[in-house]
Amino acid sequence: MKIGQIAPDFTLPDQNRDRFNLGQHLGKGPVVVFFYPKDDSPVCTAEACAFRDKYQIFQTMGAQVIGISSDLEDSHQAFAAKHRLPFTLLTDEKGEVRDAFGVPKKFGLIPGRVTYILDKQGIVRGISNSATNGKSHVDDALAIIRTL
């Protein structure tokens, strides 16, 4: 995915085993989709907690935050409960949505850490890509949403 492209629509299970469809959430406001490698790993936890800590700001700006990894629903549920994550976590077990967005793998093996900021039409307005500094994705996303 590149800035200016329309994000692919997808439907994935969330941590509560409900179906989440991106298209049903567009039109309401910006959507921040952050892909991360693994629940409870150190950098992923720091990133998720950074989104949690600024979640109220995202809500005030009308934005929705969605995290996606290949972890299963039970893992997401435990991760969300342990760290009091107020946003949706989605299971992309086969990596199909990750591939559709073009998220690269680190060293060709580890799923990448990339955040896409979508406007309410689903157009990619910003991308934050840092494998080792997940917290920077939060500030990048907020800065881009402020321009929409």
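Glu-73 is a buried residue without a salt bridge, and Arg-17, the nearest side chain of opposite charge, lies 5.1 Å away. Buried here means under 20% relative accessible area, exposed means over 50%, and partly exposed lies in between, with a 1.4 Å probe and protein chains only. A salt bridge is a side-chain nitrogen of Lys or Arg within 4 Å of a carboxyl oxygen of Asp or Glu. As for charge, Lys and Arg count as positive and Asp and Glu as negative, while His and the chain ends are not counted.

Please note that this is a predicted model, in which local features need pLDDT of at least 70, side-chain atom pairs count only at pLDDT 80 or more, and totals for chains, interfaces and linings use all residues. Residues are numbered from 1 along each chain as its sequence is written, and side-chain values use heavy atoms, with hydrogens and water left out.

Where does Glu-73 sit? Glu-73 belongs to helix H4, residues 73-83. Helices (H or I, at least four residues) and strands (E, at least two) are DSSP runs, numbered from the N terminus. Leaving aside residues up to four places away in sequence, Glu-73 touches Pro-13, Asp-14, Gln-15, Arg-17 and Thr-91; contact means heavy atoms within 4.5 Å.

Let us now turn to the salt bridges. How many does a search of the whole structure find? The search finds seven, among them one between the side chains of Arg-17 and Asp-74, at 2.4 Å from N to O. This pair links distant parts of the chain, 57 residues apart: Arg-17 lies in the loop between strand E1 (11-13) and strand E2 (19-21), and Asp-74 lies in helix H4. Arg-17 is partly exposed at 48% relative accessible area, and Asp-74 is partly exposed at 49%.

A further salt bridge joins Lys-38 to Asp-71, with the closest N and O atoms 3.0 Å apart. Lys-38 is in the loop between E3 and H2, and Asp-71 is in the loop between strand E4 (64-69) and H4, 33 residues apart. Lys-38 is partly exposed at 44%, whereas Asp-71 is buried at 7%.

Asp-119 and Arg-125 also form a salt bridge, their closest N and O atoms being 2.8 Å apart. Asp-119 is buried at 7%, and Arg-125 is partly exposed at 37%.

Finally, I come to helix H6, residues 135-147, whose buried residues include His-137, Leu-142 and Ile-145. The buried residues of H6 pack against strands E3 (31-35), E8 (114-118) and E9 (124-129), and against helices H2 (42-53) and H3 (55-60).
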